[in-house]
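User: I would like to learn how to read the features of a structure one at a time. Please give the general idea and then the case at hand.

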Amino acid sequence: MLFYNGPELNIEDATIHFKHLVELKPDVEIHLKNSAEIGRIMWLEGEPIGAPVAMRGPFVLNSDQELNTAFVRYR
């Protein structure tokens with residue numbers, strides 16, 4: 001879960017501050033409590049892909065060589 005807008009968010013007894021990433025367990029129930037101001041969160045879920053990941057700009061591929069090729073083709 002990514003907390004990306006608002007001053008703070010409480011998950012159970014822990015205070016999470018603005019722009020923090022929190023790893024949650026899928027089999028555990030949690031309770032979220034927002035502050036008096038609007039807060040926004042983004043839920044991200046997935047399984048590990050078991051492959052290397054290379055990231056640059058708008059591209060996410062498996063190696064730096066693939067990224068270089070993508071940038072050449074993009075131009």
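User: Which residue in β5 is the bridge partner of leucine 9?

Analyst: This is a predicted model. As a general idea, the strands of a sheet pair through backbone hydrogen bonds, in a parallel or an antiparallel sense. Here the bridge partner of leucine 9 in β5 is asparagine 34. The pairing of β2 with strand β5, residues 32-34, is antiparallel and runs over 3 bridges.

User: How many bridges join β2 to β3?

Analyst: There are 4 bridges between β2 and β3, and the two strands run antiparallel. One example is asparagine 10, whose bridge partner in β3 is threonine 15. β2 and β3 form a hairpin, with 2 residues between them.

User: Which way do the side chains along β2 point?

Analyst: The side chains of β2 alternate.

User: Which residues are in contact with isoleucine 16, leaving aside its neighbours within four places in sequence?

Analyst: With those neighbours set aside, isoleucine 16 is in contact with Phe3, Glu8, Leu9, Ile11 and Val22.

User: What is the strand order in the open sheet of 3 strands?

Analyst: The order is β4-β1-β6, and the pairing is antiparallel. The edge strands are β4 and β6, each of which pairs on one side only. Strand β1, residues 2-5, is joined to β4 by 2 bridges and to β6 by 3 bridges. For the pairing with β4, phenylalanine 3 has histidine 20 as its bridge partner. For the pairing with β6, asparagine 5 has arginine 40 as its bridge partner.

User: Next, backbone angles. What is the phi of glutamate 12?

Analyst: Most residues other than glycine have a negative phi. Glutamate 12 is not a glycine, yet its phi is positive, at about 55 degrees. Glutamate 12 is in the loop between β2 (8-11) and β3 (14-17), and this loop is the turn of the hairpin that β2 and β3 form. A second case is lysine 19, where phi is positive and near 60 degrees. Lysine 19 is in the loop between β3 and β4 (20-21).

User: Why does lysine 19 count as exposed, and why does glutamate 12 count as partly exposed?

Analyst: Exposed means over 50% relative accessible area, buried means under 20%, and partly exposed is in between. Lysine 19 counts as exposed because its relative accessibility is 61%. Glutamate 12 counts as partly exposed because its relative accessibility is 43%.

User: Which residues form a nonpolar patch on the surface?

Analyst: The patch consists of Tyr4, Leu21, Met42 and Leu44, with about 420 Å² of accessible area together. Of these, leucine 44 sits in the loop between β6 (40-42) and β7 (54-56). Leucine 44 counts as exposed because its relative accessibility is 53%.

User: Now charged side chains. Which residue forms a salt bridge with arginine 56?

Analyst: Side chains of opposite charge can pair when their charged atoms come close. In this model arginine 56 forms a salt bridge with aspartate 64, and their closest N and O atoms are 4.0 Å apart. The count of salt bridges comes to 1. Arginine 56 counts as partly exposed because its relative accessibility is 34%.

User: Where does aspartate 64 lie, and which residues is aspartate 64 in contact with, leaving aside its neighbours within four places in sequence?

Analyst: Aspartate 64 lies in helix α1, residues 64-74. Apart from those neighbours, aspartate 64 is in contact with Ala54 and Arg56. By C-alpha atoms, aspartate 64 and proline 48 are separated by 20 Å, and they are 16 residues apart along the chain.

Terms used: Residues are numbered from 1 along each chain as its sequence is written. This is a predicted model: local features need pLDDT of at least 70, side-chain atom pairs count only at pLDDT 80 or more; totals for chains, interfaces and linings use all residues. Side-chain values use heavy atoms; hydrogens and water are left out. Patches are made of residues with over 30% relative accessible area and no salt bridge: like charges are joined within 9 Å, nonpolar side chains (Val, Leu, Ile, Met, Phe, Trp, Tyr) within 5 Å. Accessible areas come from the Shrake-Rupley method with a 1.4 Å probe; for residues, only the protein chains shown count as cover. Buried means under 20% relative accessible area, exposed over 50%, partly exposed in between (1.4 Å probe, protein chains only). Contact means heavy atoms within 4.5 Å. Two strands pair if DSSP finds at least two bridges between them.
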